[in-house]
Amino acid sequence: MNNTNFIKMNQKLTFSSDLQNLNIADCIVDTISKQNQVNPDLYGNILLSLTEAISNAIVHGNKFHTNKKVTVSFQIEENYILNISVED
């Protein structure tokens with residue numbers, strides 16, 4: 001990440017446990033990447049990891065019950081550490 005454009009982030013998104021919501025992973029990674037100039041070589045790895053975690057929460061954790069929720073929290077600290085957690 002480029003030091004001159006660093007933006008500290010701390011956000012949480014909650015959505016229904018529906019596979020159609022997997023595109024939320026794209027939005028999160030796009031936002032993080034654009035605002036903090038994430039190395040393009042890392043973009044795909046972050047997106048794949050987050051998509052898989054959301055999918056696992058929907059399929060295995062919530063058993064496709066759309067009335068259940070998935071929560072994605074992500075933070076970027078001043079030392080450029082990206083933390084993402086997915087809860088079902």
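The model is predicted, so local features need pLDDT of at least 70 and side-chain atom pairs count only at pLDDT 80 or more, while totals for chains, interfaces and linings use all residues. Residues are numbered from 1 along each chain as its sequence is written, and side-chain values use heavy atoms, with hydrogens and water left out.

Select β1 (9–16) and β2 (69–76), then β3 (82–87). Strands (E, at least two residues) and helices (H or I, at least four) are DSSP runs, numbered from the N terminus. Together the three strands form an open sheet in the order β1-β2-β3, with antiparallel pairing; two strands pair if DSSP finds at least two bridges between them. β1 and β3 are the edge strands, each pairing on one side only.

Display β1 with β2: their pairing runs over eight bridges, and Phe15 stands opposite Val70 in β2. Next, display β2 with β3, which pair over six bridges; here Thr71 stands opposite Glu87 in β3. Five residues separate β2 and β3 in this hairpin, and Tyr80 in the turn has a positive phi of about 65°.

α2 lies across β1, β2 and β3, running at about 20° to β3. Angles run from 0 to 180 degrees between N-to-C directions, and axes are lines fitted to C-alpha atoms, for helices over the stretch in contact.

α1 and α2 pack at an angle of about 145°, with their axes 9 Å apart. To see the contact, select Ala25, Asp26, Ile28, Val29, Asp30 and Ser33 of α1 with Tyr43, Ile46, Leu47, Leu50, Thr51 and Ile54 of α2.

**The core**

Finally, select Phe15, Ile28, Ile32, Leu50, Ile54, Val72 and Phe74, the residues with the most contacts inside the largest nonpolar core, which has 18 residues. Such a core is a set of buried Ala, Val, Leu, Ile, Met, Phe, Trp, Tyr and Cys residues joined through side-chain atoms within 4.5 Å; buried means under 20% relative accessible area with a 1.4 Å probe, protein chains only. The largest share, six residues, comes from α2. Centre the view on Ile54, which touches Phe15, Leu22, Ala25, Val72 and Val86, not counting residues up to four places away in sequence.

Technical notes. Buried < 20%, exposed > 50% of the residue type's maximum accessible area, 1.4 Å probe, protein only. Contact = heavy atoms within 4.5 Å.
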